[in-house]
Amino acid sequence: MFERFTKDARDVVQGAVGHAEGARAQTVDPEHLLLALLDREGSRASFALGALGVGGRREAVRQALTEARRRAGLSRAEADALTGLGIDVSEIVARVEEAHGVGALSGDRKDRRRWSGHRSFSKDAKKVLEQALRVAVDRHERWIGDEHVLLALTVRPGVPAEVLADHGVTYASLTRVLGGDTGEACA
C-alpha cells in the first residue's frame, strides 16, 4: 500500500513515527498522524487546514490532543458517557497525577528507560491508513496523499476526529475545500 503514497503522505507517516518517538510511545497512534499533518506546509492537507482556519489555531489543536492524552486517550464523548455513569474522569486524572505526576495516564514513557525498538503502528493508526486508501479509491484518485490521511482521520471515530470537528474540520468541510465532493463519507 505504501508504494501508492505520495511523498507528502510518506512524510506524514515518518513525522508520525517521529512524534511517537518524541513522546516515547511504544506505538504510532492516530493522534501522531494528526500531529504530523499539523507540521506540514505546502501540501494539500496543509492547504485544506489553512482554508478551514486551522492554520492559526494549530497550537489549540495540539493542546486538545495533549488534554485527551492526559485522559488516557479518552475522547470528550467517552468521558461524558462515563460521567453519565457516575465516573468523573477529571477527578480520576487529578488523583492519578497527584500520586504519579502530570501525564501519568498519557502512556508517555518520559520517566522510564529509553526504549529504542521499532515503533509499530497501533491497530487504530493502521485503520486510518487503510481508510486513507478507501478515501482515495472513492474519490477515483490513483495516489494516496496527505489529504487522504486527513480525510480518513475525520471519518474514523476517536480523539483526532473529535478535535478536528471542534475546530471546524469535518469530512464534508474538507471535501468542499479539496474538491471532488462525493456527498458522503466513505465508511
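A residue is taken as exposed when its relative accessible area is over 50% and as buried when this area is under 20%, with partly exposed residues in between. In the predicted model described here, glutamate 59 has a relative accessible area of 57% and is therefore exposed. The side chain of glutamate 59 meets that of arginine 62 in a salt bridge, with an N to O distance of 3.6 Å, and both residues lie in helix 4, three residues apart, which is about one turn of the helix. In an α-helix, which has 3.6 residues a turn, residues three or four places apart point the same way.

The protein contains 10 helices and two strands, arranged along the sequence in the pattern α-β-α-α-α-α-α-β-α-α-α-α. Of its 187 residues, 42% are buried, and the accessible surface amounts to about 9800 Å², with 51% of it belonging to carbon and sulfur atoms. Among contacts between residues at least 6 apart in sequence, 66% join residues at least 24 apart.

The mean pLDDT is 84, and 80% of the residues reach 70 or more. Among the elements, helix 8 (residues 146–155) has the highest mean pLDDT, at 97, whereas helix 6 has the lowest, at 67. The pLDDT stays under 50 over residues 108–113, a stretch for which the model has eight contacts beyond four places in sequence; over residues 183–187 it is likewise below 50, with 11 contacts in the model beyond near neighbours in sequence. Where pLDDT is low, the predicted coordinates should not be read in detail.

The largest nonpolar core comprises 42 residues, and Leu33 and Phe121 have the most contacts inside it. Two or more residues are given to this core by each of several elements, including helix 1 (7–22), helix 2 (30–39), helix 9 and helix 10. Beyond residues up to four places away in sequence, phenylalanine 121 touches Val13, Val17, Val28, Leu33, Lys126 and Leu129. Leucine 164, in helix 9 (residues 159–166), is buried because its relative accessible area is 1%; with residues up to four places away in sequence set aside, leucine 164 touches Leu34, Leu49, Leu150, Leu153, Thr154 and Val169. The C-alpha atoms of leucine 164 and threonine 154 are separated by 7.0 Å, the two residues being 10 apart along the chain. In helix 10 (residues 171–178), the buried residues are Tyr171, Ser173, Leu174, Thr175 and Leu178, and these pack against helix 3 (44–51), helix 7 (123–138) and helix 8.

Seven salt bridges are found in the whole structure. Arginine 44 and glutamate 147 meet through their side chains in a salt bridge of 3.2 Å, N to O, a pair that links distant parts of the chain, with arginine 44 in helix 3 and glutamate 147 in helix 8, 103 residues apart. Arginine 44 is partly exposed at 38% relative accessibility, whereas glutamate 147 is buried at 7%. Arginine 139 forms a salt bridge with glutamate 141, the closest N and O atoms being 3.6 Å apart; here arginine 139 is buried, with a relative accessible area of 8%, and glutamate 141 is partly exposed at 26%. A network of salt bridges links Lys7, Asp8, Asp11 and Arg40.

Leucine 85 is found in the loop between helix 5 (76–84) and helix 6 (89–100), and counts as exposed because its relative accessibility is 67%.

Conventions:
Residues are numbered from 1 along each chain as its sequence is written. Side-chain values use heavy atoms; hydrogens and water are left out. Helices (H or I, at least four residues) and strands (E, at least two) are DSSP runs, numbered from the N terminus. Buried means under 20% relative accessible area, exposed over 50%, partly exposed in between (1.4 Å probe, protein chains only). pLDDT is the predictor's confidence in each residue, from 0 to 100. Contact means heavy atoms within 4.5 Å. Accessible areas come from the Shrake-Rupley method with a 1.4 Å probe; for residues, only the protein chains shown count as cover. A nonpolar core is a set of buried Ala, Val, Leu, Ile, Met, Phe, Trp, Tyr and Cys residues joined through side-chain atoms within 4.5 Å. A salt bridge is a side-chain nitrogen of Lys or Arg within 4 Å of a carboxyl oxygen of Asp or Glu.
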